[in-house]
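This note sets out some points on the structure for a student who is reading it for the first time. Please keep the sequence and the model open while working through the numbered paragraphs.

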Amino acid sequence: MKRITIRKGFDAHMHLRDGVMMSDVLPFTTNQFAGGVAMGNLPGNEVLDSFEKNLAYLEKIKALAPSFNAVVPLMVTRELLGRASYIVKTALKHGIKVFKFIPAGLTTNGAEGLTLYDLYTNPFTELLEELEENGIIFSCHFEVGTSRIHDDAPVQMLWQEQEAIRFLQYLLEVYPKLKIVVEHASSYAMIYFIEKLPEKYQVAATLTPHHAIVNYWDVCNPDGNIYEPLKYCKPVAKQEQDINVVKLAMCSGNPRFFAGTDSAPHLYGIKLSQKSAGIFSAPVAMQTYTEIFEQLGRMEYLENFTSVFGPQFYGFQPSDEKITLVKEQERVASSLYDIPVFRGGDVIPWSIIK
Ligand code: DOR
Ligand code: ZN
């Protein structure tokens, strides 16, 4: 039977939530990943935008999974801006290497009142200067909800990432040494833009399993309304051309692209009633990545994508622990702990040897 043994992965983007849900979902991540970046937009509008909150959250993860190499970014909010030099110094003192920015209104619990347009103005510019100078990673959700070129007209979901490329372009012009992670890149335009960047720029992108599989038209109607909330996430799934480019970038062996599942658990009831954005992919993430690499005939690049390029960008040694996947069919549970699971009910070709 076909099998592959590689270093355990690094999930450079995931949501572990808090409390009971954290203890429920964390084992699915630690089962396949030796470390990862746990995002700080928590349930109930809680955001990890202070050192106290950030460090306490890291402690909670460590208490549940002591050997997991967890990175918890500091979330950029209005609260945090305005004291850039102090904030960055203190962050460094506490070993915080990443600041995460989720613009308002674009997904679950974004930074209230701040959008990508704020990147152009003080106090954001001061923060960006400090991040650049101190080698701190700026992890960013690049989507824009309104277009100022068109009198603040709303941008359709399908194009919100593509429209945000100009903000990345601006960052590179003004802060050429800034380390940037474009989170969950999902559009061919964004991916091509990153691929074509000169080597001197320190820009990378996380790629999710779901953006390599789910099609926009399985989620939304032609009028843009969501008809399948279980497949809804942000950035919204794209079209066939984008899906192909995501897969090609994933399997390209280019160190700018690495695994970040954006596994984002939401309870069934909330997902259906509120159409909350997020796909819980942790239980099938490595299996899905492996399937895609096999499909494209690039198995030899899998380990770099899942387990080496991410840690390298973040400045860690890749894990020495191993994980083995075997080509043995498995039916995915539809839900776990009342959380709908990505590919739930499907039979998938790869499974993890426990
Ligand atoms: O679909 C998403 N869900 N995208 C994000 O960026 C955030 C996430 C969440 O927190 O649920
Ligand atoms: Zn996310």
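Predicted model: local features only at pLDDT ≥ 70, side-chain atom pairs only at ≥ 80, totals over all residues.

1. Not counting residues up to four places away in sequence, Pro-229 touches Lys-271, Leu-272 and Lys-275. Pro-229 belongs to the loop between strand S11 (203-207) and helix H7 (240-250). Its C-alpha lies 8.6 Å from that of Gln-274, although 45 residues separate Pro-229 and Gln-274 in sequence. Pro-229 counts as buried because its relative accessible area is 9%, and the cut-off for buried is under 20%.

2. Which residues coordinate the zinc ion (ligand 2)? The donors are His-13 (NE2), His-15 (NE2) and Asp-262 (OD), at 2.0 to 2.1 Å. Written as a sequence pattern, the spacing of these donor residues is H-x1-H-x246-D. The pair His-15 and Asp-262 links distant parts of the chain, with the two residues 247 residues apart. His-15 sits in the loop between strand S2 (9-14) and helix H1 (19-30), whereas Asp-262 sits in the loop between strand S12 (257-259) and helix H8 (268-274).

3. The backbone deserves attention at several places. Most residues other than glycine have a negative phi, and most peptide bonds are trans. With a relative accessible area of 14%, Arg-343 is buried.

4. The bond from Asn-122 to Pro-123 is cis, with omega near 0°, and Pro-123 lies in the loop between strand S6 (98-101) and helix H4 (124-134). The bond from Lys-234 to Pro-235 is cis as well, with omega near -10°. Pro-235 is located in the loop between S11 and H7, the loop that also holds Pro-229.

5. Gln-287 is part of helix H9 (residues 285-295), and it is buried, with a relative accessible area of 3%. Apart from neighbours within four places in sequence, Gln-287 is in contact with several residues, including Gln-32, Leu-325, Glu-330 and Trp-350.

6. The whole protein may now be considered. How many helices and strands does the protein have? There are 10 helices and 18 strands. The radius of gyration is 19 Å, close to the 20 Å given by the globule rule for 354 residues, so the protein is as compact as a globular protein of that length. The C-alpha trace spans about 55 × 45 × 40 Å along its principal axes. Among contacts with a separation of 6 or more, 73% join residues 24 or more positions apart.

7. The last point covers burial, surface and charge. Of the 354 residues, 58% count as buried. The protein exposes about 14,400 Å², and carbon and sulfur atoms supply 49% of this area. There are 33 positive and 40 negative side chains, and the centres of the two sets lie 4 Å apart.

Key
Residues numbered from 1 in each chain as written. Chains lettered and ligands numbered in written order. Heavy atoms only, no water. Donors = N, O, S within 2.8 Å, 3.2 Å for Na, K, Ca; no water. Helix = DSSP H or I, 4+ residues; strand = E, 2+ residues; numbered from the N terminus. Rg over C-alpha atoms; globule rule 2.2 N^0.38 Å. Buried < 20%, exposed > 50% of the residue type's maximum accessible area, 1.4 Å probe, protein only. Contact = heavy atoms within 4.5 Å. Areas by Shrake-Rupley, 256 points an atom, 1.4 Å probe, with all protein chains shown as cover. Lys, Arg positive; Asp, Glu negative; His and termini not counted. Charge placed at Lys NZ, Arg CZ, Asp CG, Glu CD.
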